[in-house]
Amino acid sequence: MPTGPLSPANRLLSATSETTPNRRGSFGNRLMGSRKFQSWAAHFPLTRRLVRKEGEAMFDLLAGFCHSQVLMALVQLDLLNIVGEKPATAKDLAQQTRVPEDRMEVLLRAAVALRLLKRKSRGRVALTRSGAALLGVPGLTQMISHHDVLYRDLADPAAFFRGEVDTELARFWPYVFGGEMDPDVAATYSDLMAESQVLVAEDTLRTVPLKDTVSLMDVGGGTGAFLETVGRKYSDIQLGLFDLPQVVPEATARFAKAGFEARSTIHPGSFKTGPVPEGADTISLIRVLYDHADDTVADLLAKCFDALPSNGRLLISEPMSGGAKPDRATDVYFSIYTLAMQTGKTRSAEDIKALCEAAGFADLKVYPARRSYVTQCVTARKP
């Protein structure tokens, strides 16, 4: 039988003849797992771009930890703010931050590669649009600084997922256990939540109009950041806040500064130990459910149901899992973060709907997330 050069298709099929022993899976997976195929595809004109792209994506996963640590260093050393004021050289930045110049140069090259900084003339670096945007997101640099706790909790990821780690994150958020909070801890928690609440409030109110609401009770609303946003957008809504006594002083000061004293009421207490206050036609739970286990959430939803009048509305807003179609932001970051809290759980919209229906709610509506890494909304009504 005549022989000759193999066609591209035959070379591709031939490349699958030597796969990794005992590899399981579909033909496509066996193909991609073949070292011979990988070598061939990396040089074949019609596939080499795809192979390069897949390789870069794989290496990004490998190097992701270093990426996050570069970002942490930029925040800890305040380099983004310094460079944002005025482009600077590695020597200038080294002197300001007490980092050796050669090591500063390594950090700056990494930041340029991550497109947070860019090179300018005379050896200076400046912010890129991405770097400037990072500084412009309320609460983002505070959250990045806070991640040192999560990094330590994930130092042994296998032990973490086995549930063998006594996580620091659980101790950082003691309110989830229903215990007393040290005033300093309460202040740290409140500041972190309030700063990051701005984007959540904006996306929530763009997604779910409150024009028919007369009185809103924000349960677990911290120092009132969400209610302040509501109050500025809707001048006639009566504002009610229900949260732990430790956050009341800051909430009182916030409402006074905003000029909302006459239209706001603060109810100190815990939904774990008492009922949700009555009197509002809408109850909001903004980034509350994912802090707690299913039994706590079921109890809270039942209390919200009891507190609402007939046809009263429940608004839930928080990052939600993609469920059957996992979401890159929520199913990687938020799901692991809430798992580290030990009582938290990032649920899908369908999971939340089921919990609401079990509590007696009807007319459930899921809204598409504008930005899944910020929040998603579910609403329900009491029949």
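## The model and its overall make-up

This is a predicted model, in which local features need pLDDT of at least 70 and side-chain atom pairs count only at pLDDT 80 or more, while totals for chains, interfaces and linings use all residues. Residues are numbered from 1 along each chain as its sequence is written, and side-chain values use heavy atoms, with hydrogens and water left out.

The chain's secondary structure comes to 17 helices and 10 strands. Both kinds of element are DSSP runs numbered from the N terminus: helices are H or I runs of at least four residues, and strands are E runs of at least two. Of the chain's 383 residues, 44% count as buried. Here buried means under 20% relative accessible area, exposed means over 50%, and partly exposed lies in between, using a 1.4 Å probe and protein chains only. Among contacts in the chain with a separation of 6 or more, 64% are between residues 24 or more positions apart; a contact means heavy atoms within 4.5 Å.

Five of its five residues are buried, so β4 is largely enclosed by the rest of the structure. In a regular strand the side chains alternate between the two faces of the sheet. In β4 both faces are covered, with S215, M217 and V219 buried on one side and L216 and D218 buried on the other.

Strand β4 pairs in parallel with β5 (residues 238–243) over five bridges; strands count as paired if DSSP finds at least two bridges between them. Within this pairing, D218 has L241 of β5 as its bridge partner. Strand β4 also runs parallel to β7 (residues 282–286), joined by three bridges, and here L216 stands opposite T282.

Moving on from β5, this strand pairs in the parallel sense with β6 (residues 264–268) over five bridges. D243 stands opposite P268 in β6.

Leaving aside neighbours within four places in sequence, L227 is in contact with L216, D218, L239, G240, L241, F255 and F260. L227 and M217 are 10 residues apart in sequence, and their C-alpha atoms are 8.8 Å apart in space.

Buried residues of α15 include V297, L300, L301 and F305. The cover over its buried residues includes β4, β7, β8 (313–318) and α17 (349–358).

In helix α16 (residues 330–340), T330, F334, Y337, T338 and A340 are buried. They cover an arc of only 160° around the axis, which puts them on the same side of α16; the arc is that of the directions from the helix axis to the C-beta atoms. The buried residues of α16 pack against α9 (140–153), α10 (157–162) and α11 (168–172). After α16 comes Q342, with a positive phi near 80°.

## A three-stranded sheet

An open sheet of three strands has the order β1-β3-β2, with antiparallel pairing. β1 (88–89) and β2 (117–119) stand at the edges, each with a single partner strand, so one side of each is left without a neighbour in the sheet. Three bridges join β2 to β3 (residues 124–127) in the antiparallel sense, and L117 has L127 as its bridge partner in β3.

## Cysteines

The structure holds zero disulfides, counted as pairs of cysteine sulfur atoms within 2.5 Å. For C356, which is in no disulfide, the nearest cysteine sulfur is that of C304, 8.9 Å away. C356 is buried, with a relative accessible area of 0%, and C377 is buried with a value of 1%.
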